[in-house]
Structures are given as structure tokens and as C-alpha cells.
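Subject: Structure handover and notes

Dear colleague,

I am handing over the structure below, together with my notes on it. Please read the notes with the model open beside them.

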Amino acid sequence: MSKLFSILFAVVFCVSPAIAGIAVWYCPGYGLYPYGAANVTSTVPGTGLLANNGSGRTLIQLIYAGFDHVVGDGSDNRVNPANAANGYVTGDDWVMASTVLSRGMQGVDEWGFSSTLRPPHVDLDWNLTGFAYVRVFHDDTPQDGEAYYDTPLVSLDLGFFDPTSFAFAQWIFIDPAPVSGVALNRYIGSGPAPTPQIPSILYLPGDQRLSLGVPGGYRLNRVLGATGLLGNGGWDWQPLAEGADYENQSGTVSIFTAGAGAAPQRVIRIGVLPDP
Ligand SMILES: [Ca+2]
Ligand SMILES: [Ca+2]
């Protein structure tokens with residue numbers, strides 16, 4: 001009995017320091033459809049993204065959401081078509097890997113699906129916790145006015161350590177495979193977003209809150225707070241929790257400056273979106 005335990009402990013202590021790194025498959029599990037496609041399960045020829053984008057090619061990217069754990073900088077401008085050198089990302093995001101799906105190559109069909117697996121993206125030195133997402137562009141030349149799609153954020157699994165076996169590789173499907181595909185659903189904005197009027201901020205001493213109204217024509221998207229600077233000079237933005245750090249009632253945002261949930265943020269950022 002005691003020998004068995006010692007063997008188990010030996011195994012655990014040998015393996016633990018080596019657990020680091022990622023291996024991520026990122027691909028469509030069912031299929032990609034053009035912007036506005038109502039039927040994202042169709043197998044009728046001519047309905048796939050690569051049959052409707054003019055080139056039969058599209059760029060997909062595996063993107064790290066950065067240290068703020070939000071897509072881009074948390075604003076609605078998620079793609080910067082002028083930032084081709086860095087894969088069109090905004091904020092502190094960066095492209096971990098990318099590939100072009102080309103219809104007819106490596107078994108890729110007009111929906112971007114292939115039963116021939118490409119190798120996963122492997123980085124044995126990766127040790128950053130956080131989130132990644134996959135972005136699909138209309139084609140492989142992103143530009144203003146073209147559609148794209150972002151998957152939800154996925155927590156990165158840092159448990160990959162054996163490049164001889166992909167048994168522990170992580171899957172990030174672009175679509176909710178295997179039941180249906182996805183249609184592109186966002187547009188790369190043309191020009192900068194309009195800047196909403198900055199409202200007055202009131203300090204309410206009785207409630208120990210900062211209060212401000214969301215500008216007319218906009219709705220609250222998120223509230224971020226920062227306590228210090230990162231090595232790259234940017235703020236260490238973290239999402240604040242509604243109920244614990246702030247309240248949003250009828251378009252008035254109240255940020256707590258005291259109490260159990262009060263965050264010690266030095267800087268607050270309020271994100272708004274235009275009303276639909
Ligand atoms: Ca980010
Ligand atoms: Ca294009």
C-alpha cells in the first residue's frame with residue numbers, strides 16, 4: 001500500500017512542472033454561411049460562405065483576448081482594417097495563429113468544413129491564462145464594410161504538454177457543431193464610431209456612489225476598472241460586476257465607492273453601445 005502511494009506521488013511530482021502549453025484546434029465543425037443567411041444548416045450547393053464571397057477563400061484567426069479579457073478594448077470597434085500588420089485586431093488582443101480556408105484545397109468545401117484535419121496550433125511555452133476566440137472574415141482581404149464573425153470567448157486550456165499526442169488538445173469550434181453552422185453577423189465599421197456626449201458625473205455622499213447617466217441614444221455595454229499600469233503602459237482593465245461594483249437603473253449608472261463589493265479601481269471606463 002505505502003509503495004503504491006509513493007509511486008503515485010512520484011508520478012504526480014514528475015508531471016506537474018511539465019504541464020504548460022496549449023494545443024488548439026480551431027475550425028468550423030459544421031459550416032460557415034454568408035452574412036444574413038437565415039438557414040445555417042443548409043447543404044444546398046451555393047449557400048456556403050466560400051460560394052458567396054467572390055474568392056472562395058477566407059481568413060480565420062485564433063486570437064488571444066489580451067490581459068483585459070475582453071474582445072479588442074471592449075468597445076464595439078472590434079476590427080481595425082488599417083491594422084493588417086497585426087492581423088486587424090484592436091486593443092491588447094493578438095493573433096495567436098491564423099489560416100486561410102480555401103475552397104477545394106485540403107478537402108475544404110464551400111462551407112469551410114473539411115474532414116481533413118489541419119494540425120492544431122501548438123505552443124508549448126504558452127503560460128498565459130485567459131481567453132481566446134476565433135474570428136472569421138468574409139474573405140482573406142478584410143476591409144471596411146465587410147462582414148465577419150467572432151466566437152464567444154473560450155478559456156484557454158494550459159494542460160497540453162505532449163506534442164507526440166494530441167489527446168489533450170483543445171477544440172474551439174467556430175459554430176455549435178455538429179448541429180448547425182453560423183452566419184457572419186457583424187460588419188467592419190467604416191470610419192470611427194461617433195463619440196457620445198460625455199455626461200456629468202455626480203458624487204452622492206449619502207450613498208457613497210459616483211452617478212452618471214448613459215447618453216441619449218446609447219445603452220450601457222460594460223463597466224471596466226483599472227488599478228495600475230501593465231508593462232506595456234496600458235491600464236490593467238478588468239470588468240466590474242453589476243450588483244457588486246455598480247448598478248444600472250433606468251440608464252443611470254451608480255458606481256460604488258464603498259462597501260463590500262467596492263473595487264479599489266483608480267480609473268473607470270464606461271462602455272456604451274448605440275441603441276438598436
Ligand atoms: Ca482585449
Ligand atoms: Ca475583402
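Predicted model: local features only at pLDDT ≥ 70, side-chain atom pairs only at ≥ 80, totals over all residues.

Residues are numbered from 1 along each chain as its sequence is written, and chains are lettered from A and ligands numbered from 1 in the order in which they are written.

Overall make-up

The protein chain contains 1 helix and 18 strands, where helices (H or I, at least four residues) and strands (E, at least two) are DSSP runs numbered from the N terminus. Of its 276 residues, 28% count as buried; a residue is buried if 20 or more other C-beta atoms lie within 10 Å of its own, exposed if 12 or fewer, and partly exposed in between, with C-beta atoms placed from the backbone. Among contacts between residues at least 6 apart in sequence, 68% join residues at least 24 apart, a contact being two residues whose C-beta atoms, placed from the backbone, lie within 7 Å.

The cores

The largest nonpolar core has 38 residues, and those with the most contacts inside it are Ala-132, Val-134 and Val-136. A nonpolar core here is a set of buried Ala, Val, Leu, Ile, Met, Phe, Trp, Tyr and Cys residues joined through C-beta atoms within 7 Å. The elements that give two or more residues to this core are β1 (22–27), β2 (32–33), β3 (57–64), β6 (131–137) and β7 (147–150). Apart from this core lies another, of 9 residues, among them Leu-224, Trp-237, Tyr-246 and Val-253.

Leaving out residues up to four places away in sequence, Val-136 touches Leu-32, Thr-58, Ile-60, Tyr-148, Tyr-149, Ile-174 and Leu-184. Arg-135, which is found in strand β6, is buried, with 26 other C-beta atoms within 10 Å.

The sheets

Strands of a sheet pair through backbone hydrogen bonds, either parallel or antiparallel; in these notes, two strands pair if DSSP finds at least two bridges between them.

An open sheet of 3 strands has the order β5-β1-β9, with mixed pairing, and its edge strands are β5 and β9, each of which pairs on one side only. Neighbouring strands of this sheet are turned by 20° against each other on average, direction ignored; the axes are lines fitted to C-alpha atoms, for helices over the stretch in contact, and angles run from 0 to 180 degrees between N-to-C directions. Strand β1 is mostly covered, with 5 of its 6 residues buried. With β5, strand β1 pairs in the antiparallel sense over 3 bridges, and Ala-23 stands opposite Val-122 there. With β9 (residues 170–173), strand β1 pairs in the parallel sense over 4 bridges; Trp-25 has Trp-171 as its bridge partner in β9, and Cys-27 stands opposite Phe-173.

An open sheet of 4 strands has the order β12-β13-β17-β16, with antiparallel pairing. Its edges are β12 (202–204) and β16 (246–249), each with a single partner strand, so one side of each is left without a neighbour in the sheet. Here neighbouring strands are turned by 25° against each other on average, direction ignored. Strands β12 and β13 (residues 209–213) pair in the antiparallel sense over 3 bridges, and the bridge partner of Leu-202 in β13 is Ser-211.

Two backbone angles to check

Most residues other than glycine have a negative phi. Tyr-88, in the loop between β3 and β4 (94–102), has a positive phi, near 70°, and this residue counts as buried, with 23 C-beta neighbours inside 10 Å. Gln-106 lies in the loop between β4 and β5 (121–123) and also has a positive phi, near 50°, but Gln-106 is exposed, with 12 other C-beta atoms within 10 Å.

With best regards
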